[in-house]
Amino acid sequence: MKPAVILDRDGTLIVDRVYLNDPEQIEYLPGVFQALRLLRDHGFLIAVATNQSGVPRGLVDVRNLDEIHRRIQGKFASEGVDILSFHSAPYMTDNDHWFRKPNPGMIREAASWHDFDLSRSWMVGDRMTDVEAGHRAGCRSVLLGFTDPVEGSGYAPPEIHAPNLLVAAEEMVARS
């Protein structure tokens, strides 16, 4: 079993466009390719887990969602990084479905598909629901940025709070 990094998508790997439906609008955040190469070089497998309430709202077409994920996976592959799989939760924000973060369903699915050692893995995202999903799955968690406050969230704090993915990757490597 290998350690993994499971990443949120919007606000973590790409600019959060709020209900991204156009594959042409994918914009990568600074340092993400370097960060994932660093994690890859230190033996981490990589997957993505993303809540997608835009699907049931009718704002995101499932075919476009699949194309967005295909393009992201292809771009990272061209940068030398293999994203093993994308896991999405197409449920409304008030739905407590097992797959919708803060629940651990997408992380557990990724772990079962790829034989991740969750006790040595990390969940990374820009929301406290990402942090909580990681904790519920048995991972350590990373919170990126400062748009979602740790204090008052009702969830346990992340093990790492970093301004961006590259800083977080350096810290994850140092702690692993």
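Which charged end sits over the ring of Phe33? I looked, and the charged end of Lys75 does, 5.6 Å from the ring's centre. My cut-off for this is NZ of Lys or CZ of Arg within 6 Å of the ring centre and within 35 degrees of the ring normal.

Ground rules, noted before going on. I'm working on a predicted model, where local features need pLDDT of at least 70, side-chain atom pairs count only at pLDDT 80 or more, and totals for chains, interfaces and linings use all residues. Residues are numbered from 1 along each chain as its sequence is written, and side-chain values use heavy atoms, with hydrogens and water left out.

Aromatics next. I pair rings of Phe, Tyr and Trp (its six-membered ring) if their centres lie within 6.5 Å; planes under 30 degrees apart are stacked, over 60 edge-to-face, the rest tilted. That rule gives me three aromatic pairs. Tyr28 and Phe33 come out as tilted, because their ring centres are 5.1 Å apart and their planes stand at 50°. For Tyr28 and Phe76 I get centres 5.8 Å apart and planes at 80°, so I wrote down edge-to-face. Helices (H or I, at least four residues) and strands (E, at least two) are DSSP runs, numbered from the N terminus. Tyr28, Phe33 and Phe76 form one aromatic cluster.

Buried or exposed? I call a residue buried under 20% relative accessible area, exposed over 50%, and partly exposed in between (1.4 Å probe, protein chains only). Phe76 is buried at 0%, Phe33 is buried at 15%, and Tyr28 is partly exposed at 22%.

Then I checked Leu65, also in helix α2. Leu65 has 4% relative accessibility, so it goes down as buried. Setting aside neighbours within four places in sequence, I find Leu65 in contact (heavy atoms within 4.5 Å) with Arg9, Gln52, Val55, Val60 and Ser88. For Val55, 10 residues away along the chain, the C-alpha separation from Leu65 is 8.5 Å.

Last stop, Leu59. I placed Leu59 in the loop between β2 (45-51) and α2, partly exposed at 42%.
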